[in-house]
Amino acid sequence: AAGFQLPVSSFAERPKLPDNYTQDTWQKLHEAVGAIQSSISIKYNLEELYQAVENLCSYKVSATLYKQLRQVCEDHVKAQILQFREYPFLLVFLKRCSTDSLDSLLFLKKINKCWQDHCRQMIMIRSIFLFLDRTYVLQNSMLPSIWDMGLELFRNHVISDRQVQNKTIDGILLLIERERNGEAVDRSLLRSLLSMLSDLQQVYKESFEQRFLEETNCLYAAEGQRLMQEREVPEYLHHVNKRLEEEGDRVITYLDHSTQKPLIACVEKQLLGEHLSAILQKGLDNLLDENRISDLTQTYQLFSRVKGGQQILLQHWSEYIKNFGTTIVVNPEKDKDMVQELLDFKDKVDHIIEVCFQKNEKFVNLMKESFETFINKRPNKPAELIAKYVDSKLRAGNKEATDEELERILDKIMIIFRFIHGKDVFEAFYKKDLAKRLLVGKSASVDAEKSMLSKLKHECGAAFTSKLEGMFKDMELSKDVMVQFKQYMQNQSDPGNIDLTVNILTMGYWPTYTPMEVHLNSEMIKLQEVFKTFYLGKHSGRKLQWQTTLGHAVLKAEFKEGKKEFQVSLFQTLVLLMFNEGDEFSFEEIKMATGVEDSELRRTLQSLACGKARVLIKNPKGKDVEDGDKFIFNGDFKHKLFRIKINQIQMKETVEEQVSTTERVFQDRQYQIDAAIVRIMKMRKTLGHNLLVSELYNQLKFPVKPGDLKKRIESLIDRDYMERDKDNPNQYHYVA
């Protein structure tokens, strides 16, 4: 095969650069950079310079070009340090006097100008060498971009100079210190310098921030110590708040954002964290006593910022409630106002929790625990007084409240009632007062009574209110019985002059009343017998016992001035009816005729002869009824009303009465303990002492001491309900 050659024409070669092109072009670029650095106008068109850089890069001169540019920039930056070297300053501030301060400010302005010039120059230089930056530099990951190269040079040759750096940072810290002391400073200068330190990477963190935080720490440590001595708590907390706002503003205005956390933590620690207990001991009670809502809100907000702040505030809050509450509860002189003060105090702490403590559950729960603690420091009395307070609100004549307000008061009372351990004491006194309200028709409103009853039922269960509900049932049944009795009386040949109303009370539901034998007149006795015959005719097998102490009557009377009606107790009735038979009787004669017990009679006569409405005249005059006193009918009696209620002189609810109610409660508790022990032993058959006691604590609804339980166990062993184990005296067996 004949060989043949295929001619291959060579590709068009890149035209060669003219001799000296690279050198001439660099010369032109060097001149342009020099002009930028000297802030004079550039001879050449910028587009022409940009094109020149592109040409050089196309001809593989990029590496050389980058090195040359870096060298020119480095020479210029190195030259800058000289102006600061020549600049006179003290290395160490032994004394920061005004000349130092001024000197420092001039220095900061100079370094700032140097930095601003440098940034402006590097931006222009980069725009000319943009092609180099975007091709060669981008492809070589080890090389810094032109802008970063500029930063590196400025950091290495200007800011890393020990003298320059110290002077810069000292100056910045001095400006910040002056601003903290209330002077106006050039914040834009600070912003510019601190952003320079941030841009120069580790300089801000390592050289500035560390020293700044140390100085801040020292400043606020000293300030906290000093102001805690000098200022009252509200002013101090106001100052702390102001400082926190100022430092927050500093971060926004000129500090790097990364400084925020350590800076705020430092202020919180030195102004708050170090003084938590001292602040509360010095001022919390005062703020709470005076109900300083805005200051308490500020306290809560500030304490919530610090670790452990809320916890210590909680402790002091609880102590305050217990101490203040105890002063209300344990002082017998305050008994008259105890319940109202408790309600006011509860309203106050509720308001503080809602407004100042952001309804924080921990504060709510601890408040409840604290109330429960102090209210039970004095057993029984608060329960008794709460019952009496409810009585005062439910009694007719309580004009203070509308139905809605009354309902609100009862709801508040129930909250206080919840904290009480001995609820059976409340029940006993409540029952006694309810009986009075029902029997004398003194209840303000049946709706309010029923509402209170349903609240108690909801709180304590049906067993608690069953007797109280029984009392209402008795009253309603009595009304029905009276309707039938009235009809029965109409069929009698001699219905008599007296209109009799009877309430039939089931003994187990009502308080225990001591029966008192008195001498009723014949007409009354006859009526009683008629009623007895009527009632037992319908309900055979029942026994009626008349309660004279609870009886009351309306009497008609005639005086010179005209007719009157008196609303009086049965005892007052018996005394007044005697004066139908004569105008004057001695104390002894009245006593003999009525059969009323001595002290009861003295009080009765006192109400008729020494009170406001004096139907009788006592001779000799005097407040107290003595043996031998004479009583004369007062024919000249005058009164603006037609119907007059003559109140029985109340023994201040006698101590005996209070004691007997409390004793009844105590007696009931003995029965309940006995019943609980027998119930448990019957179910478990054999049980150790400690287990039995803990089981009893679970079952019993009232506070009881271990010693009392021991006595009841002994009593049941004596009565053969249970026995001790022969080998182990701490073990009991149930005896069937």
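I number residues from 1 along each chain as its sequence is written. The model is predicted, so I take local features only at pLDDT of at least 70 and side-chain atom pairs only at pLDDT 80 or more, while totals for chains, interfaces and linings use all residues; side-chain values use heavy atoms, with hydrogens and water left out.

**Overall.** I looked up the secondary structure and found 29 helices and nine strands (DSSP runs numbered from the N terminus: helices are H or I, at least four residues; strands are E, at least two). The C-alpha trace spans about 165 × 85 × 60 Å along its principal axes.

**Salt bridges.** I counted 51, taking a side-chain nitrogen of Lys or Arg within 4 Å of a carboxyl oxygen of Asp or Glu. I looked at Arg437 and Asp391, which meet at 2.6 Å, N to O. Arg437 is in helix H20 and Asp391 in helix H18, 46 residues apart. Both are buried (under 20% relative accessible area; exposed is over 50%, partly exposed in between; 1.4 Å probe, protein chains only).

Next I checked Lys455 and Asp411, a salt bridge at 2.7 Å, N to O. Lys455 lies in helix H21 and Asp411 in helix H19, so the pair ties together parts 44 residues apart in sequence. Lys455 is buried at 14%, whereas Asp411 is partly exposed at 37%.

I also noted a salt-bridge network of Glu179, Arg180, Arg187, Glu247, Asp249 and Arg250.
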